[in-house]
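Open your viewer and get ready to click around.

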Amino acid sequence: MEQNGACMFAVENALEMTLMFDKTGKIVYANAVAKKLLDYGDEIYNQNISDVFPNTFKIQKEMFETNCSFGEELQNLVAYRKNLTCFPVEARLINYATDSDIYICMANDMLKKEFLSREIERVREEAQQAMKVKSEFVANVTHELRTPVNGILGNVRELMSEELESQVEKPLKIIERCCGDMNKIINNILDFSKLEAGKFTLELRKFDFRNMLDYVKANHINKITEKGLEFFMTVSPQVPQHIIGDELRIVQILNNLLSNALKFTTIGQITVEVIRTAQVNDRIELFFIVKDSGIGIDNADKDKLFQSFSQVDASISRKYGGTGLGLNICKQLVELMGGTIEVESEKNRGSTFSFSIWAGACEEDMVPVQMEDLKMPSFSMESSVDESREKAENTRQYGTPENQEVLKRNLSKLILCVEMENWEKAEMFMETIRQLTEGAPREVGRIILRLKMAVQKENYDKVSSGFEELKTLLQSEGSV
């Protein structure tokens, strides 16, 4: 008795509509939800199941008939209210007991669910349309921007081809650099809008893989070495000479990763390694590793790196610049090529970006595959990583022999740039000197601050006096 009472209590308070009816179809029980949804109240006990589901139940010779099955199967029915309006339900019909003439209908109102589904579909379509309009707008605006930027760039370069006074040549170089930066931003926005709109397609063709890497190296080696960094690029002999893929986009990914490495590294080295890690028929997987000894990032910030319009923090954006699109574009390009991109980093100990792509291999260039060839050369990488980290840490620590050597070299480059009035590069070397003297005595810090301000103001006399003052102080300490 207590068990039946508990059961009826649970049914009465259920969130779904519950009706009990006998073999004649007469409703003998309805819970609160059923009374409310059907608008009958207690009058429902005077009704027949065929009044609630006229399309499903018929009364023949005081017995109900239905084509619906009784069991656990969910069925879509139409329920009618007292005022003969209807609404869709998802119902389950069961026999209360095998030897009983009592049947149960449990049903959920689907009207709200259908309404919400239609609303979701409407919102989704509106969002898609808005995305399409936005993508078209961005594409049109960036195309329109490119025309005047290239016009300015062309005229500036034409002027620079003539003999000019240094006072005129300097601002022209600044304008040229700004136009180049603007074109890079425009290209990033165009690529991003195409990728977001799903209109980006890869252009696959056969190309010389090592020539491509030489081109990438040539684009970056001068800037890297000018900054006092070492640069190494190695390719596994198992990588074929020619592959079939989108050369331009592979170059774009490498350029972006190397530009970031250069931007965030002032001491140490940048390395690139390419390995063949898998082969399936005429398809090969290539694995790229781009490592630097730069500022690194915290583990908690890694997930932000590949998000669009995202920077690890605002101070980095202010100091180093960037739209926050580059790595997101790299991620999407890598995924289009069937690969993945990852990052391993530690604050102040550098970063290692690695990505894989699948490409077609040309028959004539296929190198016989040995399983040991496809293994990642972790042993050599581990040792080189440890050595690089130890060297970078010693260089950053003020007063160590490595620190003295690099500091002396950067001071010489700083004063050379000042003598040549190349203030842009002078600022770059000044930033490196500032980092190399972190943790130095207060007197050194004060001179560094004055020297940095003089470089920023392009004040030759104050830079020269500050340089001599710093050099004298460092020599007295035995640092340089």
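Here is the tour, starting with some ground rules.

This is a predicted model, where local features need pLDDT of at least 70, side-chain atom pairs count only at pLDDT 80 or more, and totals for chains, interfaces and linings use all residues. Residues are numbered from 1 along each chain as its sequence is written, and side-chain values use heavy atoms, leaving out hydrogens and water.

First, select residues 209-226 (helix 6) and 247-263 (helix 7): their axes come within 10 Å and cross at roughly 20°. Helices here are DSSP runs of H or I with at least four residues, numbered from the N terminus; axes are lines fitted to C-alpha atoms over the stretch in contact, with angles from 0 to 180 degrees between N-to-C directions. Now show the side chains in contact (heavy atoms within 4.5 Å): among them are Met212, Leu213 and Tyr215 of helix 6 and Ile250, Val251 and Leu254 of helix 7.

Next, select residues 423-436 (helix 12) and 442-456 (helix 13), whose axes come within 9 Å and cross at roughly 165°. That makes helix 12 roughly antiparallel to helix 13.

Finally, which residues line the second largest cavity? Select Lys227, Gly228, Thr266, Val406, Arg409, Asn410 and Lys413. A cavity is a set of points on a 1 Å grid over the protein atoms alone where a 1.4 Å probe fits but cannot get out, and lining residues have an atom within 4 Å of a point.

Key: On a 1 Å grid over the protein atoms alone, a cavity is a set of points where a 1.4 Å probe fits but cannot get out, and a pocket is an open set with protein on both sides within 12 Å along at least five of seven lines; lining residues have an atom within 4 Å of a point. Helices (H or I, at least four residues) and strands (E, at least two) are DSSP runs, numbered from the N terminus. Angles under 35 degrees count as roughly parallel, over 145 as roughly antiparallel, 65 to 115 as roughly perpendicular and the rest as oblique.
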